[in-house]
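Reader: Hi! I would like a close look at one part of this structure, the cavities inside the protein. Could you walk me through them slowly and then show me what else is around?

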Amino acid sequence: METHISWVFIASPLVFKIKKPLNLGFLDFSTLEKRHHFCQRELELNQRLAPEIYLDITPIYKTASGFSFEASGGAIVEYALKMKELPCGWFPNELLAKNLVGEKEINRVIARLHQFYESETPTPEIQEWGTPEKLKISTDENFTQAEPFVGKTISPAAFEAIRHFTNSFYAAKEKLFLERIQQHRIRDCHGDLHLDHIHITPETLSIFDCIEFNDRFRFIDIANDVAFLAMDFDFEGRSDLANLLLHNAAREFQDSGMLKVSDFYKCYRAFVRGKVQSIQGLSMKTTTPEEHANQSARYFRLALRYAVTGSEPLMLVITGRVATGKTSVALQLGTELDWPVFSSDQIRKTMAGLPLTERTPLKRHDEIYSEQTTERTYRKLLEQGLAALQSQSGAVLDATFSSRAHRELLRDECSKANARWEIVELDVDLATIRARLKARDKSADEISDARLEDFEKLNAAYEPSTELLDNLMKVSANDSVSETVKTILFQLAERQLR
């Protein structure tokens with residue numbers, strides 16, 4: 001098996017792990033002496049949580065006939081970490097596929113972690129790594145190392161929004177970070193606590209492969225450690241288990257503050273995984289680059305969702321006057337967040353049995369745009385959006401919501417479903433609106449029926465969203481779609497800091 005930093009040779013019942021001779025900045029295995037040193041560190045550190053797995057350091061010799069574990073007069077050319085093989089079928093991802101992970105398994109992991117964290121002494125040297133200044137070393141490093149992948153596995157807007165959220169969180173929540181230090185929540189932790197590093201049978205529990213190559217990746221808040229595992233559950237589509245893990249851990253550790261920083265740390269962890277997958281796509285020979293690029297993009301989109309909407313599902317409603325760019329903005333937001341997009345124009349025509357990209361015949365205009373049909377359209381729109389929230393982390397709605405009555409319907413339906421919602425009202429100057437409406441006559445894929453001759457009537461009927469306070473964001477959409485989307489993502493991120 002291969003990772004971006006190691007080769008793992010399985011020789012049942014043993015496993016031998018060899019470090020690659022490389023320097024990635026955040027780790028340095030470039031010399032034999034350094035690889036030997038970090039093999040020793042890996043053995044010592046992992047014996048804290050998995051002493052039954054980590055056995056010894058084994059030299060590898062170069063002999064006349066090749067490589068050997070036997071000296072035979074040859075020189076040492078490499079070192080291998082000797083470990084016990086763990087039987088397949090008992091890693092969490094395998095158990096998840098069989099729906100065999102529940103509260104009992106989650107609580108076993110939490111109990112082991114609690115015992116481990118309590119055994120680690122929070123020295124002043126360790127605790128200083130909980131300050132925003134020290135944490136920023138790692139997050140700044142991540143952004144620098146991920147820059148080559150912008151426009152490839154992460155969009156420019158997502159990259160900037162995540163960085164904006166991260167740096168703004170440090171400034172807005174400095175007191176919270178200092179409280180975590182005062183409560184001795186910064187310990188020498190595992191540092192790489194994800195699903196692949198846990199092995200759980202009915203009788204045994206092993207947590208292995210902690211970070212050995214860089215102490216600052218282990219000198220972290222216990223909330224940071226646990227957030228990695230929660231993020232992994234989210235990534236696997238099991239947010240129910242992620243929430244269960246965090247809430248039960250907060251209770252077991254008597255640490256309610258953990259929940260105040262969990263989304264921040266989940267964002268950090270998802271971004272790291274996106275970066276690592278991107279690096280692996282360049283460096284690993286045993287898998288295809290496309291495989292890593294797809295995984296990387298998924299992790300980066302998850303990081304963006306934590307940054308701009310948090311962990312709870314959200315209905316994001318894109319509204320505004322006719323021709324303000326709602327559909328284009330909604331579709332790009334859907335792509336950025338990996339959310340489904342539902343359009344009132346599309347629903348209206350589909351219910352009427354009309355081709356989407358053909359203008360509604362004049363003889364059916366009064367029927368299709370009657371109050372009754374419009375009411376049915378908005379109810380269907382909300383029904384589809386709320387249904388999506390049951391299985392997705394969010395949904396985007398694209399509609400004018402030009403009347404208070406329709407916005408009240410949105411508020412009431414979301415309230416009944418206990419669903420979070422935000423409205424983004426796009427604003428464009430009237431000259432640009434008229435130009436866009438005129439250009440629709442030449443567009444072959446336009447779904448909306450509105451044209452320049454309809455503008456005065458539609459504009460007069462539009463009721464600004466003045467009654468909305470907490471749930472409303474007004475955004476200028478005079479610039480490009482990508483700039484408008486970036487502005488929306490930034491404003492959503494700032495709302496996370498309240």
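Author: Happy to! Let us begin with the word itself: on a 1 Å grid over the protein atoms alone, a cavity is a set of points where a 1.4 Å probe fits but cannot get out, and its lining residues have an atom within 4 Å of a point. Grid points are joined across faces, edges and corners, and a volume is the space filled by probe spheres set on the points.

Please keep in mind that this is a predicted model, in which local features need pLDDT of at least 70 and side-chain atom pairs count only at pLDDT 80 or more, while totals for chains, interfaces and linings use all residues. Residues are numbered from 1 along each chain as its sequence is written, and side-chain values use heavy atoms, with hydrogens and water left out.

A search of the whole structure finds three cavities of 30 Å³ or more. The largest cavity has a volume of about 120 Å³. Its lining is made of 15 residues, and Leu135, Ser138, Ile220, Asn224 and Tyr268 are the ones nearest its centre. Which elements supply at least two residues each of this lining? They are helix 5 (132-146), strand 9 (219-221) and helix 10 (258-283). Helices (H or I, at least four residues) and strands (E, at least two) are DSSP runs, numbered from the N terminus. Sorted by class, the lining of the largest cavity has nine nonpolar, three polar and three charged residues. Here Ala, Val, Leu, Ile, Met, Phe, Trp, Tyr, Cys and Pro count as nonpolar, Asp, Glu, Lys and Arg as charged, and the others, Gly among them, as polar.

Now for the second largest cavity, which holds about 90 Å³ of space. The residues that line it are Pro92, Val101, Glu105, Ile106, Val109, Leu195, Ile198, Ile200, Leu229 and Phe233. Helix 3 (103-119), strand 7 (198-200) and helix 8 (222-235) are the elements that give two or more residues to this lining, and helix 3 has the largest share, with three residues. By class, the lining of the second largest cavity has nine nonpolar residues, no polar ones and one charged.

Phenylalanine 228 lies in helix 8 and is buried, with a relative accessible area of 2%. Buried means under 20% relative accessible area, exposed over 50%, and partly exposed in between (1.4 Å probe, protein chains only). Leaving out residues up to four places away in sequence, phenylalanine 228 touches Gly191, Asp192, Leu193, His194, Arg269 and Arg273; contact means heavy atoms within 4.5 Å.

Asparagine 99 is found in the loop between helix 2 (92-97) and helix 3. Although asparagine 99 is not a glycine, it has a positive phi of about 60°. Most residues other than glycine have a negative phi. Asparagine 99 counts as exposed, at 56% relative accessibility. Alanine 323 also has a positive phi, near 65°, and sits in the loop between strand 10 (314-320) and helix 12 (326-337). Alanine 323 is buried, with a relative accessible area of 5%.

What about the cysteines? The structure holds zero disulfides, where a disulfide is a pair of cysteine sulfur atoms within 2.5 Å. Cysteine 210 is buried, with a relative accessible area of 3%.

Finally, step back to the whole chain. The protein chain has 19 helices and 14 strands, and 52% of its 498 residues count as buried. Its C-alpha atoms fill a box of roughly 95 × 50 × 40 Å, taken along the principal axes. Of the contacts in the chain with a separation of 6 or more, 72% are between residues 24 or more positions apart.

Note on methods: On a 1 Å grid over the protein atoms alone, a cavity is a set of points where a 1.4 Å probe fits but cannot get out, and a pocket is an open set with protein on both sides within 12 Å along at least five of seven lines; lining residues have an atom within 4 Å of a point.
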